[in-house]
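Work through the exercises below with the sequence and the model at hand. Try each task before reading its solution.

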Amino acid sequence: MAAQSISRKTRIFISYSRKNKRFARKLNEALDKSGIEAWVDWEGIPPSAEWMQEVAAAIQASDAFVFIISPDSLKSKVCMEELELGIRYNKKIIPVVYCDAEKKQKIHPTLAALNWVYMRPRKEDFKSAVKLLTESIQTDLGWMHQHTRLLQRASEWEQKGRNPHYLLRGSDLSDSEAWLIESTKNTTRSVLPIQAEYINSSRKETMRRQRRFTIGVGLAMALSLFLGVFSLNQWRKAEENAALAKNNAATAIVSSNIAATQQARAEESELRALTNETIALAQRSAVQAGIYEARPGGLYTSALLALDSWRRFQTHEAEDILRQNLSRMASPVGQLRQEGAITGIGFSPDGERFFTSSDNGSVR
């Protein structure tokens, strides 16, 4: 834990009344020069749920709690709430007297029971008092740092629904157990129930993991022996099955050839059915085209049906109807005529027009 004590700055929380802000700032600057990092609420934000959560987190992350005593802070509801949080988290509380309390003014029992550091203007030397305060803060520093760290880890474990992944392991667990034992050697040291439960749960989880590992190794050895015997039997069966496999392979090849032949026949039947269906649809469209051709106003419908029939299956019947309809349709310039047999039909990209080509090379 000695390494932990020098791995970071010592952190403290300063609780003060806003009316003593100038003194609090002066004290904070002096402690900062001594290598002590202080969390101080300079903004004076009105109390709220979010603000109190932030204050609670700051107190939880601090190694010591400095309470500036003055008539104003003793009357402050916020200062008292901060003090209660410091007591709940079992922080090292150091009262600093800035102004003497008023006569008959109540002082919190915890503050009254502690040794005070006096920093009253024009009564005590400020530098000497800061040195005394620094020494008080840094007393038992390694144990305090571990206290803060374990409180934060235990609180996170609690917030995560006591998830085993947040428990201590290895040397981290051993150091924490040593820290727990050391707490019994000094009356000023006190461990929170959540910290003790956290360390105890970590040890239980480690023991469970070790038992599971031991059982796993035993099962693995038993399984290895079983697999050895099983492998020998399997080898014998494999030899017996080798000959059978050869016969089965020949049978499989014959079955595969039969299946391929059946598949080809099925595909041929399917293709024949599709062709018959296409021809039937083409003939239906041709018949309908012939019907609409004779009806008044049915010229364009007849032409479209004839075109659909020809696209599905090219017959002379569809071509003759399409040719007759095209010759009868009005043209803004003149009558276009298609000479020769129609050999192809195409469409423009927008689908609004189509063209026909004949065997003499002409296109309309």
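Predicted model: local features only at pLDDT ≥ 70, side-chain atom pairs only at ≥ 80, totals over all residues.

Residues are numbered from 1 along each chain as its sequence is written, and side-chain values use heavy atoms, with hydrogens and water left out.

**Exercise 1.** Describe how helix H2 and helix H7 pack.

Solution. 
Step 1. Two packed helices are described by the angle between their axes and the distance between the axes. Helices are DSSP runs (H or I, at least four residues), numbered from the N terminus. Axes are lines fitted to C-alpha atoms over the stretch in contact, with angles from 0 to 180 degrees between N-to-C directions.
Step 2. For H2 (residues 21-33) and H7 (residues 126-138), the angle is about 65° and the axes are 10 Å apart.
Step 3. List the residues in contact (heavy atoms within 4.5 Å). H2 contributes Phe-23, Lys-26, Leu-27, Ala-30 and Leu-31, while H7 contributes Phe-126, Val-130, Leu-133, Thr-134 and Ile-137.

**Exercise 2.** Is Asp-63 buried or exposed, and which side chains does a polar contact join to that of Asp-63?

Solution. 
Step 1. Locate the residue: Asp-63 lies in the loop between helix H3 (49-60) and strand E3 (64-69); a strand is a DSSP run (E) of at least two residues.
Step 2. Buried means under 20% relative accessible area, exposed over 50%, and partly exposed in between (1.4 Å probe, protein chains only). Asp-63 has 3%, so it is buried.
Step 3. A polar contact is a pair of N or O atoms within 3.5 Å; within protein, one must be able to donate a hydrogen and the other to accept it, and residues adjacent in sequence count only if both atoms are side-chain atoms. The side chain of Asp-63 makes such a contact with His-145 at 3.4 Å and with Thr-148 at 2.6 Å.

**Exercise 3.** Characterise the aromatic pair of Trp-157 and Tyr-198.

Solution. 
Step 1. Rings of Phe, Tyr and Trp (its six-membered ring) pair if their centres lie within 6.5 Å; planes under 30 degrees apart count as stacked, over 60 as edge-to-face and the rest as tilted. The whole structure holds nine aromatic pairs.
Step 2. Trp-157 and Tyr-198 are 5.4 Å centre to centre with 50° between the planes, a tilted pair.
Step 3. Trp-157 belongs to helix H8 (residues 141-159) and Tyr-198 to helix H10 (residues 193-293), 41 residues apart.
Step 4. Trp-157 is buried at 3% relative accessibility, and Tyr-198 is buried at 0%.
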